[in-house]
Amino acid sequence: MNQRRSRRPAPRPPEGTPAPAELAGMARSGLAPAARVAHWADAALRPGREGPNPDGKGTLSRATAERAAADLGLTPAQVRADWDTARLAGLVEVHGDSARPGWRLRAWNRDDSAVLRGWVALFDAWSLACPEPADHEPAAVAEVVSAMPQVLSFLQLSAGPVPVEQLLDLLEQRVTELRTERCEIPYGPQPEPGQDLPDPADAPLAPLLDWALRALASVGALTYGDAQATLTPLGSWAVWVKLEQICVAAQSPAGNIEQGAEDMLRGCAQLRPNAARAEYRAWLAARTVSSAVTELLDAARGEDALLRGLAFEALRVVGAPAEPDVRAVAEESTLRPYALLWLAEHDGADPEEAHLVLTREEATWLWVDTAAAVSDHGDAPLLVRHLESAVQPTVPALLDEVRAVGHPRTVQVLVALAAAHPDPALAKAVRRAAFQVHTGG
């Protein structure tokens with residue numbers, strides 16, 4: 001009996017949306033300055049080259065910024081701004097006390113989907129791309145950030161210029177809804193009869209809307225001027241992607257047997273577990289065990305966390321012949337949690353209890369790595385549900401340990417989680433943690 005799974009046709013973008021290749025060209029153009037600085041750092045600061053390095057927090061040292069400015073014909077301020085954008089877009093990733101090119105930079109000229117994912121990561125981090133107003137209550141800023149998805153959805157549906165006055169009305173309505181949903185109860189010192197205390201709800205939203213629109217314009221999501229805003233083609237496409245909760249990732253699984261490990265794993269990304277294992281077995285049957293294991297581990301060492309997890313799923317199909325190689329890579333920090341879980345299961349541990357072999361730090365690193373895969377290839381509800389798998393009993397404890405573990409995708413993961421979570425208070429805490437990691441605080 002044919003077990004082939006029927007597939008629902010993927011939703012089509014709105015009429016007039018540019019083709020993916022054209023959208024990727026727009027993203028490459030907008031991120032060109034950031035990519036230029038990232039390529040410069042890759043060439044000038046790679047191991048073995050003399051010269052200053054990033055300061056360990058992901059920011060450039062003064063000497064490095066000045067050197068880059070001289071080499072690229074820019075000012076140090078421009079270099080720092082472009083470096084900051086490169087980090088938010090995942091073109092540069094911080095590992096411990098050093099920075100290195102992200103997988104998106106490596107795929108910059110050949111993979112349109114990698115370029116688009118990088119731009120979407122920057123789009124998700126719009127509130128970090130432009131400093132928030134210093135003279136406004138943090139609670140009001142958080143409310144505006146939480147309300148902006150509805151404003152962006154309205155812009156996307158309008159498919160043209162929208163007066164800022166109309167957007168302000170919508171923002172005020174949404175912020176009021178958020179406050180009502182929270183059913184806020186006043187706490188702390190209460191005013192004496194006849195005494196008035198400042199109320200955050202009285203803060204004007206027009207300056208914060210201006211900040212949000214300027215920040216979104218700075219990342220290329222919209223144009224803003226003459227008292228109106230218009231989504232760019234990239235911005236409109238990104239909002240549609242968010243609304244439809246689809247990912248720009250997996251390709252058809254046809255022809256996987258003839259593909260290299262990385263392409264094979266990408267082709268299997270959306271298959272059900274049984275179908276994926278069948279693909280792995282067919283792919284393995286066409287290769288020697290040693291060459292197949294080597295290819296899978298090389299794919300696992302890449303920057304795409306989804307492929308890392310899938311590679312070890314394929315290695316589970318290999319079984320005992322892969323044990324020596326898996327045991328050898330258990331000393332590599334990026335692969336260690338995956339290798340330890342594989343070895344525990346291979347040695348007979350219950351898969352439900354295999355995680356007990358991990359230290360708290362290793363489990364947290366794996367949680368962030370898995371969240372990165374969900375952020376890149378999954379949908380918002382799945383990312384929110386991923387919170388439940390954390391070993392930490394509370395979100396504040398999780399955020400503290402996530403910040404300490406030093407995963408290179410920490411900022412992007414926290415920004416995506418904050419954008420996806422429906423609880424404004426929790427989203428605010430996650431955004432604050434992302435900002436602190438981003439600024440090295």
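What follows is a working chat about a predicted model of one protein.

Biologist: Start me off. How many helices and strands are there in the protein?

Modeller: The predicted model has 22 helices and five strands.

Biologist: And what share of the residues is buried?

Modeller: Of the 441 residues in the protein, 46% are buried.

Biologist: Aromatics next. How many aromatic pairs are there?

Modeller: The count is three. One of them is Trp119 with Phe123, with ring centres 5.5 Å apart.

Biologist: Why does that pair count as stacked?

Modeller: The planes of Trp119 and Phe123 are at 15°. The cut-off for stacked is under 30 degrees, so the pair qualifies.

Biologist: Where do those two residues sit?

Modeller: Both are in helix α6, residues 112-124. Trp119 and Phe123 are four residues apart, so about one helical turn separates them.

Biologist: Buried or exposed?

Modeller: Trp119 is buried, and Phe123 is too.

Biologist: Give me another pair. What does Phe312 stack with?

Modeller: Phe312 stacks with Tyr338. The centres are 5.6 Å apart, with 25° between the planes.

Biologist: Which helices does that pair link?

Modeller: Phe312 is in helix α15, residues 305-318, and Tyr338 is in helix α17, residues 336-346. The two are 26 residues apart, so the pair links distant parts of the chain. Phe312 and Tyr338 are both buried.

Biologist: What else touches Tyr338?

Modeller: Asp369 does. Leaving out residues up to four places away in sequence, Asp369 also touches Ala305, Arg308 and His407.

Biologist: Where is Asp369, and is it buried or exposed?

Modeller: Asp369 sits in helix α18, residues 360-377. Its relative accessibility is 1%, so Asp369 counts as buried.

Biologist: What joins the side chains of Asp369 and His407?

Modeller: A polar contact of 2.8 Å.

Biologist: Switching to His421. Where does it lie?

Modeller: His421 is in the loop between α21 (410-420) and α22 (424-439). It is buried, with a relative accessible area of 17%.

Biologist: Why does 17% count as buried?

Modeller: The cut-off for buried is under 20%, so His421 falls inside it.

Biologist: What is His421 in contact with?

Modeller: Setting aside neighbours within four places in sequence, His421 contacts Val384, Leu387, Leu426 and Ala427. There is a backbone partner as well. A polar atom of the His421 side chain lies 3.1 Å from the backbone nitrogen of Asp423.

Biologist: Back to α6. How does α1 pack with it?

Modeller: Helix α1 covers residues 20-30. The axes of α1 and α6 are 9 Å apart, at an angle of about 55°. The two helices are therefore oblique to each other. Their crossing is left-handed.

Biologist: Which residues meet there?

Modeller: From α1, Pro20, Ala21, Leu23, Ala24, Ala27 and Arg28. From α6, Asp112, Val115, Leu116 and Trp119. Trp119 also belongs to the stacked pair with Phe123.

Biologist: Now Arg104. Buried or exposed?

Modeller: Arg104 counts as buried, at 1% relative accessibility. It sits in helix α5, residues 103-106.

Biologist: What does Arg104 touch?

Modeller: Not counting residues up to four places away in sequence, Arg104 touches Ala89, Gly90, Leu91, Ala114, Arg117, Gly118, Ala121, Asp376 and Arg409.

Biologist: And how far is Arg104 from Ala35?

Modeller: C-alpha to C-alpha, Arg104 and Ala35 are 9.8 Å apart in space. In sequence they are 69 residues apart.

Biologist: Last topic, backbone angles. What is phi of Ala159?

Modeller: Phi of Ala159 is near 55°, a positive value in a residue other than glycine. Most residues other than glycine have a negative phi.

Biologist: Where does Ala159 lie?

Modeller: Ala159 lies in the loop between α8 (138-158) and β3 (162-163). It is exposed, with a relative accessible area of 71%.

Biologist: And what about Asp226?

Modeller: Phi of Asp226 is also positive, near 55°. Asp226 is in the loop between β4 (222-225) and β5 (228-231). It is exposed, at 76% relative accessible area.

Technical notes. Residues are numbered from 1 along each chain as its sequence is written. This is a predicted model: local features need pLDDT of at least 70, side-chain atom pairs count only at pLDDT 80 or more; totals for chains, interfaces and linings use all residues. Side-chain values use heavy atoms; hydrogens and water are left out. Rings of Phe, Tyr and Trp (its six-membered ring) pair if their centres lie within 6.5 Å; planes under 30 degrees apart count as stacked, over 60 as edge-to-face and the rest as tilted. Buried means under 20% relative accessible area, exposed over 50%, partly exposed in between (1.4 Å probe, protein chains only). A polar contact is a pair of N or O atoms within 3.5 Å; within protein, one must be able to donate a hydrogen and the other to accept it, and residues adjacent in sequence count only if both atoms are side-chain atoms. Contact means heavy atoms within 4.5 Å. Axes are lines fitted to C-alpha atoms, for helices over the stretch in contact, and angles run from 0 to 180 degrees between N-to-C directions. Angles under 35 degrees count as roughly parallel, over 145 as roughly antiparallel, 65 to 115 as roughly perpendicular and the rest as oblique. A crossing is left-handed if the near helix is turned anticlockwise from the far one by less than a right angle, and right-handed if clockwise.
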